[in-house]
Amino acid sequence: GNTVAPEGVTAMLNAAALDAVLTADQRSAIVKTSDGVAVIHLADGRVLSRCALSGGAPLTGIALSPDGSTVVCSNADGKLVKFHLERGILTNAGTIGLPAAAVGGPSYPCGLAFLGADRLAVAANRDNSVLVVDLPTGKVLKRIPVDTAPYRIAVQDGRHVLVTCWAAPIRAGRPTSGSAGTQVEIDKRGIAVRASVCQVDLVAGSIVARATLPLQPTECVTDG
């Protein structure tokens, strides 16, 4: 058989790498793993520091503040976990509890995006909403309903974000099935169909545009 080797430096983490952000100088990557958070020096693959992530790790969700001093990760227990970053070293800076999902249980926060220095947009996956959180106080400033199972968030401008959602609104007369407490449209095999990307107006607190997709979207970026 054939062997495929990665090009460049490989860093060994001994855990599944789930999400990552680059530092502003692009010299390090901060990686969310299945058991914690690690800072990796990209030139040689050294792990500069590691911290445990309390509450378990969902599939995605890490963000770095504009000044590079604060890392925030989502956990599977419905919380945001904060870390202080200085010269490549992470230290735990506490947690912020998020409201329970409307269907009950943890909201399962996934994608995160900073909105300036102190506010964070959170894709609350089981709550089918985007939460705007004030980090210094831990207060939820807004809860904006979106399509089902929001996953990733990209900041479009000072007022709008794009949110990938794993299920679009159900069409009339189509078969449905429950998924984490929410009904979603399915095909004859029982598999979810139709997902979406929503443009959300943070000031108005509503969806202002929607693109419907045949498959579940994961990552999204904006072109500035």
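This is a predicted model: local features need pLDDT of at least 70, side-chain atom pairs count only at pLDDT 80 or more; totals for chains, interfaces and linings use all residues.
**Note on the pockets, sheet and core**

1. Let's start with the pocket lining: strand E13 gives the largest share of the lining of the largest pocket, four residues. Residues are numbered from 1 along each chain as its sequence is written, and side-chain values use heavy atoms, with hydrogens and water left out.

2. Back to that largest pocket, which holds about 340 Å³ of space. A pocket is an open set of points on a 1 Å grid over the protein atoms alone, where a 1.4 Å probe fits and protein lies on both sides within 12 Å along at least five of seven lines; lining residues have an atom within 4 Å of a point. Grid points are joined across faces, edges and corners, and the volume is the space filled by probe spheres set on the points. The lining counts 18 residues, with Leu112, Ala113, Ile153, Ala154 and Val155 nearest the centre. At least two lining residues come from each of E1 (17-22), E5 (62-64), E9 and E13 (148-155).

3. What is the lining of the largest pocket made of, by class? It has 14 nonpolar residues, one polar and three charged. For the classes, Ala, Val, Leu, Ile, Met, Phe, Trp, Tyr, Cys and Pro count as nonpolar, Asp, Glu, Lys and Arg as charged, and the others, Gly among them, as polar.

4. The second largest pocket comes in at about 220 Å³. Its lining has 14 residues, and Thr23, Asp25, Ser28, Leu85 and Gly88 lie nearest its centre. E3 and E7 (79-86) each supply at least two of the lining residues. By class, that lining has five nonpolar, five polar and four charged residues.

5. E3 pairs antiparallel with E2 (residues 28-33) over five bridges; pairing takes at least two DSSP bridges between the strands. Ser28 sits opposite His41, and a hairpin of two residues links E2 to E3.

6. On to E4 (residues 47-52), which also pairs antiparallel with E3 over five bridges. Ile40 stands opposite Val47 there. This hairpin has five residues between the strands, and Gly45 in the turn has a positive phi of about 80°.

7. There is also an open antiparallel sheet of four strands, ordered E9-E10-E11-E12. E9 (109-115) and E12 (139-145) are the edge strands, each pairing on one side only. E9 and E10 (residues 119-124) share five bridges, and Pro109 has Ala124 as its bridge partner.

8. Last, the largest nonpolar core: of its 15 residues, Leu115, Val130, Ile153, Val161, Val163, Val200 and Leu202 touch the most other members. Such a core is a set of buried Ala, Val, Leu, Ile, Met, Phe, Trp, Tyr and Cys residues joined through side-chain atoms within 4.5 Å. E14 gives the largest share, three residues.

Definitions and conventions:
Buried means under 20% relative accessible area, exposed over 50%, partly exposed in between (1.4 Å probe, protein chains only).
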